[in-house]
Amino acid sequence: MKRINLGLQGGGAHGAFTWGVLCRLLHEEDIEIAAISGTSAGALNAAALKSGWVENGREGAIHNLEWLWGQVGAITNPHFSEWMSSLAPTAHLWAKAMEYSPAYAAFDMTTRMFSPYVYGPTLRNPLTQIVERFHYDAVCANEGPELHVCATNVRSGKIRVFSGDEIMPDVILASACLPSLFQAVEFTDPKTGQTGAFWDGGYTGNPALFPLFRDDLPDDVLIVNINPLQRDDLPVDSQGIQNRINEISFNTSLLRELRAIEFVKRLIADGSIKRGTMKDVLVHMIADDGLMNELNVATKTIPNAVVLARLKEAGENAADAFLRSHKKDLGKQSSVDLAAMFS
């Protein structure tokens with residue numbers, strides 16, 4: 001049995017890519033997911049997988065993920081999905097059509113000009129009705145994958161990682177709270193007993209990897225990346241610039257942790273620190289930067305059934321390609337060349 005940890009990025013509706021990755025991994029009977037660290041959409045995916053796993057194993061996890069994305073707005077019937085996809089434009093054309101539609105332009109302008117606090121309590125996160133229906137006795141259970149959810153403390157600017165029975169609806173909503181869209185999520189922090197205000201975890205940990213470094217967890221950390229690290233075309237219009245700022249912002253914390261991992265691995269390799277003193281993390285990544293470069297902040301923000309279905313399919317294909325090329329590396333060596341990444 002190959003045991004791995006998962007790091008699931010946030011990225012709005014693009015989290016449907018992670019849905020596809022997880023479904024493919026769950027079909028590998030000889031891979032066990034020991035722990036998951038998730039942020040925003042990654043936290044939703046993680047909670048759905050965990051609760052489904054506890055209640056009915058792998059099939060329960062797959063079913064719960066399908067339920068989650070059905071609620072978000074995906075086409076979950078595979079035959080209907082294939083029929084719609086065959087008739088629909090490419091993902092790139094869908095993204096451009098959404099980005100330049102009058103409705104999205106008005107929405108985008110409104111979020112830039114007005115604080116979500118001007119609307120008072122009437123502006124409710126649409127994820128609330130989904131998140132409140134998770135089975136938290138299963139989400140917080142001791143069995144199944146260990147679960148960590150990342151949020152950003154608004155006042156301190158620090159990351160807050162919620163684990164185990166600390167996880168509740170407000171925690172997941174906080175992890176997915178974009179401050180330009182929704183008021184900060186305020187609740188009593190179970191660790192401090194004080195009322196805290198929280199925003200999207202992507203600003204400080206997207207996802208946080210350090211909860212996965214404990215000695216009792218496996219060395220392998222598989223990151224599902226949905227914010228492209230590389231974008232070759234220079235953004236020149238206002239929406240393209242804003243989109244790239246968004247991507248860079250939500251990758252910064254991940255790159256910082258990967259750089260720290262690479263530094264520790266060099267110290268271990270050259271004997272500067274004794275092997276076993278610090279965790280020699282084996283890093284793996286599943287991504288599709290090509291597809292994500294065709295999408296934009298509009299497809300992140302507004303779920304579109306056809307785009308979600310294509311993202312899921314792309315996630316399944318990317319996971320399949322990873323397994324064919326690197327399943328043999330699990331437990332043995334990293335499949336990401338961190339030295340090259342930061343050279």
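Biologist: How do the axes of α1 and α2 cross, and within what distance do they come?
Modeller: The axes of α1 and α2 come within 9 Å and cross at roughly 155°. An axis here is a line fitted to C-alpha atoms, for helices over the stretch in contact, with angles from 0 to 180 degrees between N-to-C directions. Helices are DSSP runs (H or I, at least four residues), numbered from the N terminus.

Biologist: Roughly antiparallel or roughly parallel, then?
Modeller: Roughly antiparallel, because angles over 145 degrees count as that, while under 35 is roughly parallel, 65 to 115 roughly perpendicular and the rest oblique. This is a predicted model, where local features need pLDDT of at least 70, side-chain atom pairs count only at pLDDT 80 or more, and totals for chains, interfaces and linings use all residues. Residues are numbered from 1 along each chain as its sequence is written, and side-chain values use heavy atoms, leaving out hydrogens and water.

Biologist: Is the α1 crossing of α2 left-handed or right-handed?
Modeller: Left-handed, meaning that the near helix is turned anticlockwise from the far one by less than a right angle; clockwise would be right-handed.

Biologist: Which residues of α1 and α2 make the contact?
Modeller: On α1 they include Trp19, Leu22 and Leu26, and on α2 they include Leu49, Trp53 and Trp69. Contact means heavy atoms within 4.5 Å.

Biologist: How many residues of α1 are buried?
Modeller: 10 of the 11, so α1 is largely enclosed by the rest of the structure. Buried means under 20% relative accessible area, exposed over 50%, and partly exposed in between (1.4 Å probe, protein chains only).

Biologist: And how many residues has the largest nonpolar core?
Modeller: It has 64 residues, and those with the most contacts inside it include Phe17, Leu49 and Leu311. Helix α2 (residues 41–72) gives the most, with 12 residues. A core is a set of buried Ala, Val, Leu, Ile, Met, Phe, Trp, Tyr and Cys residues joined through side-chain atoms within 4.5 Å.

Terms used:
Helices (H or I, at least four residues) and strands (E, at least two) are DSSP runs, numbered from the N terminus.
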